[in-house]
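Open the structure in your viewer and keep the selection tool at hand.

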Protein chains: 2
Amino acid sequence: MKRIRTSALATAAGLALASNAIAQAPAATPSVPEALAPAKVSLLERPQPNIDTLADDDYGRLARRGHELATRTFAHIGPEVKDKTKRYAGNNLSCTSCHQESATKPFAIPWVGVTSTFPQYRGREDALSTVEERVNGCMERSMNGRALPLDSPEMKAFVTYIHFLSRGIPVGAEIEGSATKAVKVPNRRADLAAGQAVFQAQCQVCHGENGEGRRVGVAGDAQGYIFPPLWGPDTFNNGAGMNRILTAVRFIKHNMPQGVNYQSPVLSDDEAFDVAGYILSKARPVKANLEKDFPARWNKPIDAAFPPYVDGAPADQHKYGPFPPLAEKAREMAAKHAESLKEGKAQPAAR
Amino acid sequence: MKRIRTSALATAAGLALASNAIAQAPAATPSVPEALAPAKVSLLERPQPNIDTLADDDYGRLARRGHELATRTFAHIGPEVKDKTKRYAGNNLSCTSCHQESATKPFAIPWVGVTSTFPQYRGREDALSTVEERVNGCMERSMNGRALPLDSPEMKAFVTYIHFLSRGIPVGAEIEGSATKAVKVPNRRADLAAGQAVFQAQCQVCHGENGEGRRVGVAGDAQGYIFPPLWGPDTFNNGAGMNRILTAVRFIKHNMPQGVNYQSPVLSDDEAFDVAGYILSKARPVKANLEKDFPARWNKPIDAAFPPYVDGAPADQHKYGPFPPLAEKAREMAAKHAESLKEGKAQPAAR
């Protein structure tokens, strides 16, 4: 029985989720002997893997298929493909609408190293998730669709492409450049009018006046978008990570407008925060059963803007801020949870 | 189109399977930029991962569950467990009957690094296999049972334990100490009488006069064996890798009798070859549909002792040798296959 230690680690993981506006805490990692301790790997100065270097063998073909599915998702498993059984995604985005540069770009939620870091505890399920489950998390939320069968050729292609992207990264490594990069979120509610102005100045030229994106061809042709829609019926649903403003602001600041990376932001923290609020204020597909997300309520992210709200703060604050007071409450709840774990009054966070 | 290169790689993979009596060829690896080239890792002087070092968090608990399933398979998913829905294994072996020392021992088919090396081309399916598919290969053959559902808690536990064992090993690495270690197989048929003498002198004390193993308790108690049965109804079936004499001889030479490792063999190559032949000459469970294994016939291992035999050599020779002439034929077939690939007359090996 090592419940005390557990609770500390679980708490750290919970805080990483809950306070990502404040600081990017490292993922909780189990202790291992020194010689086997997980390496630290940085994606920031590492060459990007390129599938063109792969031979035309079985591995290479499946990795390429995964790359194709990631970059042209709409054409293979989108809602407009001819074979109805293959309509897994519910919108015409591609994986790489968010996971930029073929899912290799640092701080654009890269897949590089995902083979090394999964299975991984996920607060959304309060359980360990495999790579496949994580892919399906996106399928059901960011892609507003349904889960890929675990034994489908598409899932195998995704897993193989992710494996290829992860080559060279030690299993269990801590990875710099993964996920998104922290920003200093202002201690105020997002200003939606200011956000609209940012949108009109910086985003609208590509994403359209009504956030509708720009089609390659016409609706129904399964050819997707040159620039993806940000709201409306054909985009990520309200259960997606990108629907959380603190994730969106981090992503936007370091990846938008097109061409921006973590070293060359264009928007200020305030502008990114406001435009994220504006985008997320718009209507989008609604995911059923969101109340089942984050079953361990004490580690529900403070910007998960759907009920139940267990900290007494109003829905509007969870959606638009101000967040520092919520982060403070989350820290208190996590500490309380850790305390009751110590006293044996609560179950550890994860099943 | 890089068919020529493919064929060369596929050929190398095929030969590694076909000629493992002769030399342990490295697995075919796709080319990658120098900076991302797969590392080489040796398990031989590396500390063995130990789950006792893991915290009691979600990851630690699931890795421990995987360890428990691996070491006491019979007690959780064996044919005698109370919950009939959990009777996935058809015999009362444990995974660690072969994968010694909690699947960490070099050259005893360790799981260390498996997260790094799968998905991997497998000749048996002539396709890329995921970790999960590889686990199920064992479930259906070595464990003479049925596949674990991909979304079962047991599969997740196995995958997590394998991930834990692989910590620190770069994805895509070449691993020294994986699988089994090559031996110099004599250029003759296995001598079953000599093998019986070896068995009686070296193996029988633990495995029993009739290879029946030694039970912990009594049949029906799901407590498995202290020493596993080697033939008869409660052991691996004829579709298992261990039913191939060239795999068995490598395993036996470097791991048997108990206490032996690759540095301290007790049996000579001749003794290991003969006793492997003797053990595999006995009756064991029969797997249906073995003719579907190795659908790319040109890379069927020369010691896969079930039809079809495509090289014209008799079944007895595929079971007991002599093998060097078969290895020579396999090389010719692989070269011919590579040639027809070049000329565009054949499909690449793998789907």
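Each stop below says what to select and what is there.

**Before you start.** This is a predicted model, in which local features need pLDDT of at least 70, side-chain atom pairs count only at pLDDT 80 or more, and totals for chains, interfaces and linings use all residues. Residues are numbered from 1 along each chain as its sequence is written, chains are lettered from A and ligands numbered from 1 in the order in which they are written, and side-chain values use heavy atoms, leaving out hydrogens and water.

**Stop 1: chain A.** Of its 351 residues, 56% count as buried, that is, under 20% relative accessible area with a 1.4 Å probe, protein chains only.

**Stop 2: two domains.** Colour residues 38–176 of chain A as domain 1 and 192–343 as domain 2; the bounds come from an automatic or database domain assignment. Their C-alpha centres lie 21 Å apart. Across the boundary, 27 residues of domain 1 are in contact with 34 residues of domain 2, where contact means heavy atoms within 4.5 Å. About 2,200 Å² is buried between the two domains; this is the accessible area (1.4 Å probe) that both parts lose on being put together, summed over both. On the domain 1 side, select Glu80(A), Arg124(A) and Arg141(A): they lose the most area to domain 2, together 27% of what that side buries.

**Stop 3: Asn243(A).** Zoom in on the loop between strand E6 (225–227) and helix H9 (245–255) of chain A, where Asn243(A) is found. Is Asn243(A) buried or exposed? Asn243(A) counts as buried because its relative accessibility is 13%. Leaving out residues up to four places away in sequence, Asn243(A) touches Phe236(A), Asn237(A), Asn238(A), Leu280(A) and Arg284(A). With the side chain of Arg284(A), the Asn243(A) side chain makes a polar contact at 3.4 Å.

**Stop 4: helix H6 of chain B.** Select residues 131–140 of chain B; 7 of the 10 residues in this helix are buried. Among them are Val131(B), Val135(B) and Met139(B). Which elements do the buried residues of H6(B) pack against? One is helix H6 (131–140) of chain A, and the others, in chain B, are helices H3 (73–77), H5 (114–117) and H7 (153–165) and strand E3 (127–129).

Technical notes. Buried < 20%, exposed > 50% of the residue type's maximum accessible area, 1.4 Å probe, protein only. Helix = DSSP H or I, 4+ residues; strand = E, 2+ residues; numbered from the N terminus. Polar contact = N/O pair within 3.5 Å; in protein donor to acceptor, adjacent residues only side chain to side chain.
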